[in-house]
Amino acid sequence: MSEDGLPPLREVVAAHGLAPKKSLGQNFLFDLNLTRKIARAAGPLAGAHVLEIGPGPGGLTRALLTEGAASVTAVERDERCLAALAEIAARYPDRLHVAPGDALTLDHRALMAGMAPARIVANLPYNVGTALLTGWLESDPWPPWFDRLVLMFQREVAERIVATPQERADYGRLAVLAGWRTQARILFDVPPAAFTPPPKVTSSVVELIPRAHPLPCEGAALSAVTRAAFGQRRKMLRQSLKGLAWKGAPVAPETLLARADIDGTRRAEEIDVAGFVALANALASS
Ligand code: SAM
């Protein structure tokens, strides 16, 4: 038995026949010290209601509950995991709600309705991690329904989230969106050997704290300018922004750049979040 009175995770996986599936991004954490470290990084959890995506056999779920989360709502797509999760729910009456289904299509805000403060904590499946993060960052209204995101990604994705124009190779749309609405930082790395099966690359836990007052800007306009600018990231903005349209009407790059007070010979990777917000506001007012 483990400290929480439940069987060790390796036994849980064997008992329920949870051979990891690559197609579901299943790299499980069995070390309860590590899952507790992640849960503590998301703390203090007392009184917090956690949304966890992809609990799998429940290593992180158990740590979140042990560390005092008021409740955990766990969205899991793999039906094979549901019996193992039911055992955890029985150990923590009324504190674990399992939501079977695809996290990409479920309405997370509705799942967490009436639960505040809500927090998102997950060891994300690598194949849908970026799509999930983008969805959370595009939430409206802002500040959003969650007070913090503590998420595990592949190190390379984590670096793209926290990148600045000084780190050009990693700086792109994801960094602009994350930097606009949150303060993001990498908390710590987790080596491949910590997972079963071990992935090829190192992972990192990232913390994103929503900004109460992001620079005013229309998300759709920011999305349009960053898509165009980073779509041709090696080109000068006066070239890469060609073809941009707003509400069906084409907008000349020169007009946008003049309004945003940005030199058209610069490239996307040199423009900070404030610069992109200025371009987005210029687009939205055209
Ligand atoms: N939290 C567990 C841990 O840390 O050991 C498992 C993490 S594993 C990297 C990712 C989990 O996400 C798996 O349990 C997988 O079945 C689940 N998953 C994959 N795609 C999903 C989706 N679209 N919606 C919900 N869960 C998903």
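A salt bridge is taken here as a side-chain nitrogen of Lys or Arg within 4 Å of a carboxyl oxygen of Asp or Glu, and by this rule the count comes to 15 salt bridges. The model is predicted, so that local features need pLDDT of at least 70 and side-chain atom pairs count only at pLDDT 80 or more, while totals for chains, interfaces and linings use all residues. Residues are numbered from 1 along each chain as its sequence is written, and side-chain values use heavy atoms, with hydrogens and water left out.

**View 1. The salt bridge between Arg36 and Glu3.** The closest N and O atoms of Arg36 and Glu3 are 3.6 Å apart. This pair links distant parts of the chain, with Arg36 in helix α2 and Glu3 in the segment before α1 (9–15), 33 residues apart. Helices (H or I, at least four residues) and strands (E, at least two) are DSSP runs, numbered from the N terminus.

**View 2. The packing of helix α2 (residues 32–41) with helix α3 (residues 59–66).** The two helices pack at an angle of about 60°, with their axes 8 Å apart; axes are lines fitted to C-alpha atoms, for helices over the stretch in contact, and angles run from 0 to 180 degrees between N-to-C directions. Angles under 35 degrees count as roughly parallel, over 145 as roughly antiparallel, 65 to 115 as roughly perpendicular and the rest as oblique, and α2 and α3 are therefore oblique to each other. Contact, meaning heavy atoms within 4.5 Å, is made by Leu32, Thr35, Arg36, Ile38 and Ala39 of α2 and by Gly59, Leu60, Arg62, Ala63 and Leu64 of α3.

**View 3. The packing of helix α8 (residues 173–181) with helix α12 (residues 273–284).** Here the angle is about 90° and the axes lie 9 Å apart, which makes α8 roughly perpendicular to α12. Ala175, Val176, Gly179 and Trp180 of α8 meet Val273, Phe276 and Val277 of α12 in this contact.

**View 4. An open sheet of 7 strands with mixed pairing.** The strand order is β4-β3-β2-β5-β6-β9-β7, where two strands pair if DSSP finds at least two bridges between them. The edge strands, β4 (96–100) and β7 (182–190), each pair on one side only, and neighbouring strands of the sheet are turned by 20° against each other on average, direction ignored. Within the sheet, strand β2 (residues 49–53) and strand β5 (residues 118–123) run parallel and are joined by 3 bridges, and Val50 stands opposite Arg119 in β5. Helix α4 (residues 82–91) lies across β3 (71–76) and β4, running at about 165° to β4.
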